[in-house]
Amino acid sequence: MPDKQLNPARVPDALRLFSLLFFAGALVFALVATLVGDVFFLRLATEALIFGGLALSVDLLLGRVGLLPLGQALFFGLGAYVSALVLKEWQASFWLSLVVSLLASALAGLVGGIIAIRSKGVYFALISFGLAQVVSKVVFNTRELGASDGIIGVPGAVVVPGLDSTAPTGFFLVTLAVIFLIYLGLRYLMDTPFGRQLSAIRTNEDRVPFLGFDPWRYKLLAFVGAACIAGVSGALYPMLRGFVSPELMFFQVSGNAVINVIVGGAGTLIGPLYGSALLTGLRSVVGSFTAHHQIIIGLLFVVVVIMFPRGLIGYLTPLLQRRLEARRSRHQQGEQ
Amino acid sequence: MKTKMIPTLMAAAAFTAGAYAQTGPIRIGVVTPLSGTYAGIGQQVKWGLDLAAKEINASGGVSGRQIELIYEDEEANPAVAVQKAEKLFQVSKVDFLTGTVNSGSTLAVGQVAERNNRLIATTVSFADSITADKCSPNVFRVNARAGMQSAALADWMASTKPNANVFYLGPDYEMGRSTVAAFKSAAEGKGAKTVGEVFAPLDNKDYSPFFGQMRSARPSVIYTSVAGNDTVRLFTQMAEFGLSRNVQVVGASGTVTSQNLQAIGKAADGFVTGVGYSPNIDNADNKKFVASFEAANKAQPDLYGADSYGVLFFYKAAVEKAKSTDTDKVREAMRGIQWSTPQGIKTMRAGDHQAMQDMYAVRVNGGKFEIVGKVAAAAAIGPDSCTKF
Amino acid sequence: MTEALEWLQFVLAPQMINGLSIGVAVVLMALGLTIIFGLLDVINMAHGEFYAIGAYLAVALLGLGLSFWWALALTPMLMAVLGYATERGLIQRVFHSKDRHTLTLLLTFGLAIVLEDVLKIIFGANPLRVETPITGGSELFGLFFPNYRLFVMVAGGLLIAAVWVLVFRTSLGAIVRAAAFDRHMSASLGVPVSRVYAATFAFGVALAGLAGVLLAPIYSVFPTMGRDFVLIAFSVVIIGGMGSIKGAVLAGLLLTQVQSISSLFISPVWNDPLLFGIMVLVLMWRPRGLFGKLGHA
């Protein structure tokens with residue numbers, strides 16, 4: 001018991017359980033889908049994972065630093081376009097494309113961060129929104145980037161000889177691995193002094209300088225990190241679908257990512273992944289039944305914000321945690 | 001071991017699907033915007049397709065098989081269109097797909113069709129590239145493309161206003177610019193002079209900043225390629241400022257359509273465009289089509305409704321000629337085929353999968369689209385620049 | 001010399017006057033937004049949708065046979081009721097949590113999505129027309145201006161002045177400013193703070209709806225019209241200082257002038273990026289905007 005109080009950054013067992021459930025569940029899904037010979041649902045799930053990566057990048061900023069980004073699609077779309085260009089014009093290599101997209105996103109994140117990080121709260125949200133609007137408009141009008149039609153004819157990216165991104169199961173597993181690594185990386189980061197700094201900034205930014213740290217530097221690093229995560233996730237998109245279009249940078253994508261994070265559970269890191277999976281599936285299913293899917297998602301979101309602001313995982317975790325601890329103390333009492 | 005199971009299972013699935021496919025209904029997927037800014041166009045597409053399916057099914061179907069239409073909403077977003085198209089091909093196992101509206105969606109869905117070895121046809125997208133530099137062996141177009149529309153309009157303008165001074169105003173994005181460029185070259189080729197060219201942002205609210213320039217250029221013709229809500233604002237504001245007096249306003253086919261005609265009201269009177277369809281086309285097929293359409297939907301058909309109506313007859317003719325729904329056989333049959341539509345007989349050019357049809361110059365008057373000129377199919381179509389097949 | 005004068009008269013002046021008519025519209029939108037933020041600390045991302053609802057209400061009222069002037073008078077009242085209900089029913093529920101800023105932003109964002117689709121369901125996706133109540137134009141300094149636009153400028157100007165007077169010269173305004181400055185103190189002085197909050201939100205929403213009606217004949221009515229003014233209204237409010245009425249008016253008029261005049265030299269496609277660039281620069285220099293908050297300045 002005292003152990004836990006001294007080390008509050010330790011991940012609750014319940015959260016760990018949920019993470020395990022997610023990734024194990026994904027593997028089971030892949031197995032079942034492959035046995036059935038499905039292609040569509042594997043690709044849909046891959047797409048859900050890709051947008052899950054974007055949701056992770058939003059959660060890093062929103063849940064961990066306390067900044068609400070309304071234009072994260074900028075980096076996602078940037079990663080997608082860079083990846084498409086590399087695959088189509090240079091070499092259809094998975095690794096090359098990821099590396100180049102990572103570098104491009106880091107650079108863009110640095111530039112964007114320097115512009116945006118000095119602001120807080122709604123100012124930050126609006127600058128982030130405005131940045132995405134401006135860049136997406138530029139891309140929309142640039143003929144060399146395919147203008148409003150985007151770029152088609154992107155070949156499959158070769159991961160290892162024999163496996164490229166057109167293979168539904170293979171690429172699903174590759175994407176799952178990428179997202180898993182990003183998730184692990186973020187989890188680990190939260191336990192480091194850097195992660196604690198971010199928590200401190202979220203809790204009370206004004207106090208941080210008095211402790212001897214410059215919040216600006218940490219926020220900028222977090223912003224660049226989030227940009228990289230978004231960019232790498234975006235890079236996977238043209239590998240899956242074979243094309244990119246300016247709509248990938250539009251506000252709808254940023255907005256959907258924020259909704260995914262809030263519904264899943266901001267700050268939990270695994271919550272946004274759940275949120276993305278659930279809502280991607282929901283959007284696809286509801287969209288087949290009615291043209292008014294926007295209003296259904298919108299209402300769901302409003303209800304969550306009012307009644308369950310901590311999101312799905314945010315609410316389930318303490319419940320499960322209590323149950324787990326009750327069981328553990330019963331065990332310990334039983335042993336005595 | 002697992003990798004060997006997949007092809008076996010897929011082959012089994014394909015066989016059963018194939019066997020079923022030859023006797024059950026023919027499934028046709030429709031990926032069209034049913035929500036969002038283009039929902040009005042998607043509505044016309046749906047109305048046209050539903051009417052055609054009903055008529056074809058009532059008269060015995062295609063090769064004796066009934067047509068089943070399966071709709072999905074693409075929200076005018078290529079990313080969604082691709083996902084929905086894949087669902088239709090993979091899960092609903094459609095034989096053919098149509099309905100995409102914006103050219104980005106058509107191009108992206110065309111790729112999905114190639115991957116799934118199926119054919120698609122567009123009835124709305126008019127970007128030249130779809131049957132030119134970005135052509136695909138699995139993509140067909142039954143509606144007129146931008147170049148054909150410009151040809152009809154330029155022809156009319158040369159005959160009614162020879163050597164006119166033309167001012168161009170377009171929305172600043174790829175479609176808007178290329179439409180203006182296409183018409184400009186067609187018009188200048190017939191003697192017109194350009195006195196000004198401006199591009200306004202897409203979704204621009206206020207066009208009054210451009211009116212000073214427009215007025216001082218003293219054009220006799222103003223050409224615009226704005227569409228949808230932008231047209232409503234441009235035309236009402238032009239009328240407000242008295243700019244449409246003594247000036248002939250012409251534009252792209254998408255500028256004034258049944259979706260925004262009512263909102264523009266009187267300000268649209270006198271507008272002329274080049275287009276492949278008007279409800280006023282004077283032949284028996286069209287009169288019957290317009291009557292049935294109005295009876296079923298309480299609205300007049302526009303070019304989107306008419307071309308969507310015609311695409312099912314195109315498919316029917318090809319399948320019956322090929323005596324099969326197999327992709328390669330149907331593609332062969334489609335090349336060069338002729339079929340009858342409310343606009344007359346259309347021919348599918350084999351070289352680039354572009355339909356050839358007579359084009360009309362049409363004037364808006366009191367809510368009606370009057371025909372004021374006509375250009376024959378061969379003259380309107382332009383060269384075949386598709387080199388991929 | 002005469003060329004310069006001619007340029008001033010026939011090119012610059014009409015551009016500036018057009019900019020003024022756009023500016024009045026933007027200020028009306030920004031006013032509601034800044035008042036809501038200044039008092040309630042609420043970022044109303046659904047403000048654009050309230051503007052759209054106002055325009056659609058006018059369409060509906062006109063459809064019932066009322067004249068434009070009746071629609072102009074009734075719509076703000078109906079919008080105020082809607083605003084009051086929204087504040088009481090939705091905003092209050094997240095108002096007292098510690099993440100208020102983020103939650104209200106998200107809530108109004110979700111509300112905007114829902115409202116836009118509701119408008120589409122009720123009225124359809126196609127654009128609608130509102131007839132201009134004052135037709136014809138006048139000659140001013142040798143230039144032609146539509147009468148209705150002149151009316152909008154004048155009416156808008158009067159409205160802005162009225163809001164100013166209301167907030168800074170009446171006891172009602174004093175109550176509102178007091179509640180913004182220190183709600184606990186005002187409450188202990190007997191000010192019904194929660195009702196003041198709801199009423200202020202209603203007022204901001206009514207302003208947006210009124211702007212919607214006024215501008216409908218010029219800009220037409222369609223479901224996504226809420227997005228027309230959102231970016232520029234927020235930029236104006238941020239540059240002027242969130243919560244500052246003076247800031248909203250000055251920034252609104254100034255920025256629209258900048259946009260109008262700059263479109264003489266660079267393509268208007270760069271209007272939005274230009275505005276955004278100005279916003280970023282202002283924030284770097286003065287992170288709170290040009291002027292202070294309601295009640296504080």
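**A buried helix and the chains around it**

Helix α3(B) is mostly covered, with 13 of its 13 residues buried. Buried here means 20 or more other C-beta atoms within 10 Å of a residue's own; exposed means 12 or fewer, partly exposed lies in between, and C-beta atoms are placed from the backbone. This is a predicted model, in which local features need pLDDT of at least 70, side-chain atom pairs count only at pLDDT 80 or more, and totals for chains, interfaces and linings use all residues. Residues are numbered from 1 along each chain as its sequence is written, while chains are lettered from A and ligands numbered from 1 in the order in which they are written.

Stay with α3 of chain B. The helix covers residues 78-90 and has 13 residues. From its first C-alpha to its last it reaches 18 Å, close to the 18 Å expected. The expected span is 1.5 Å times one less than the number of residues. Helices (H or I, at least four residues) and strands (E, at least two) are DSSP runs, numbered from the N terminus.

In total, 27 residues of chain B are in contact with 27 residues of chain A. Contact means that the C-beta atoms of two residues, placed from the backbone, lie within 7 Å. On the side of chain B that touches chain A, α3(B) gives the largest share, 7 residues. That side divides into 13 nonpolar, 7 polar and 7 charged residues. Nonpolar covers Ala, Val, Leu, Ile, Met, Phe, Trp, Tyr, Cys and Pro; charged covers Asp, Glu, Lys and Arg; the others, Gly among them, are polar.

Now look at chain B as a whole. It is divided into domain 1 (2-144 + 280-357) and domain 2 (147-275). The bounds come from an automatic or database domain assignment. The C-alpha centres of the two domains of chain B lie 31 Å apart. Across the boundary, 11 residues of domain 1 of chain B are in contact with 10 residues of domain 2 of chain B. Helix α2 (residues 39-58) of chain B supplies the largest share of the domain 1 side, 3 residues. The residues of that side divide into 5 nonpolar, 4 polar and 2 charged.

Two loop residues of chain B deserve a check of their backbone angles. B:Lys323 sits between α11 (303-322) and α12 (327-334) of chain B. Its phi is positive, about 55°, although B:Lys323 is not a glycine. With 11 C-beta neighbours inside 10 Å, B:Lys323 counts as exposed. B:His353 lies in the loop between β12 (344-349) and β13 (354-356) of chain B. Its phi is near 60°, again positive in a residue other than glycine. B:His353 is buried, with 25 other C-beta atoms within 10 Å.

Chain A meets chain C as well. Here 24 residues of chain A are in contact with 29 residues of chain C. Both α6 (121-141) and α12 (293-307) of chain A supply at least two residues of the chain A side. α6(A) gives the most, with 9 residues. By class, that side has 16 nonpolar, 7 polar and 1 charged residues.

Chain C itself has 11 helices and 2 strands. Along the sequence the pattern is α-α-α-α-β-β-α-α-α-α-α-α-α. Its radius of gyration is 20 Å, close to the 19 Å that the globule rule gives for 297 residues, so chain C is as compact as a globular protein of that length. The radius is taken over C-alpha atoms, and the rule is 2.2 Å times the number of residues to the power 0.38. Of the 297 residues of chain C, 52% count as buried.
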